Amino acid sequence: QVHLVESGGGLVQAGGSLTLSCAASGRTFNMGWFRLAPGKERELVVAISWSGGVTYYADSVKGRFTISRDNAKNTVYLQMNSLKPEDTAVYYCAAARAWAPIVTMPDYWGQGTQVTVSS
């Protein structure tokens, strides 16, 4: 069974930074994070291909968030800088065997971690 274990959420003031991590068991996957905020649909925030050669960033986080991975550790990282109250959400790590499904229906999900940004 594949497990995704994510960590790094917390409470931070606007303008601050947080780093999320997600460790996957087994093979290397395409990975990323979705977030679910109150009153909004779940959205794909960032994604990275299994090789690290292709990345995706939602327009709302471009220039502020950076996704990277360490395949030796089978772990992906999300560095979040210049955080805004609008970034407050539960962030869910996700993994997919192919690239396209990471956008809509990943194969595996982490447990979620709360990110709260105060004004």
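V54 sits in the loop that runs between β5 (43–48) and β6 (55–57). The model is predicted. V54 counts as partly exposed because its relative accessibility is 42%, which falls between the 20% limit for buried and the 50% limit for exposed. Together with Y56 and W99, V54 makes a nonpolar surface patch of about 250 Å².

**The fold.** The protein chain has 11 strands and one helix. Along the sequence the order is β-β-β-β-β-β-β-β-β-α-β-β. The radius of gyration is 13 Å, close to the 14 Å that the globule rule gives for 119 residues, so the chain is as compact as a globular protein of that length. The C-alpha trace spans about 40 × 30 × 25 Å along its principal axes.

**Contacts and surface.** Of the contacts with a separation of 6 or more, 57% are between residues 24 or more positions apart. Buried residues make up 44% of the 119 residues. The chain exposes about 6,000 Å², and carbon and sulfur atoms supply 53% of that area.

**The disulfide.** The structure holds one disulfide. It joins C22 to C93, with an S to S distance of 1.9 Å. The pair links distant parts of the chain, 71 residues apart. The link is left-handed, with -90 degrees about the S-S bond. Both cysteines are placed below.

Terms used: Residues numbered from 1 in each chain as written. Predicted model: local features only at pLDDT ≥ 70, side-chain atom pairs only at ≥ 80, totals over all residues. Heavy atoms only, no water. Patch = residues over 30% accessible without salt bridge, like charges linked within 9 Å, V, L, I, M, F, W, Y side chains within 5 Å. Areas by Shrake-Rupley, 256 points an atom, 1.4 Å probe, with all protein chains shown as cover. Salt bridge = Lys/Arg side-chain N within 4 Å of Asp/Glu carboxyl O. Helix = DSSP H or I, 4+ residues; strand = E, 2+ residues; numbered from the N terminus. Buried < 20%, exposed > 50% of the residue type's maximum accessible area, 1.4 Å probe, protein only. Disulfide = S-S within 2.5 Å. Rg over C-alpha atoms; globule rule 2.2 N^0.38 Å. Contact = heavy atoms within 4.5 Å.
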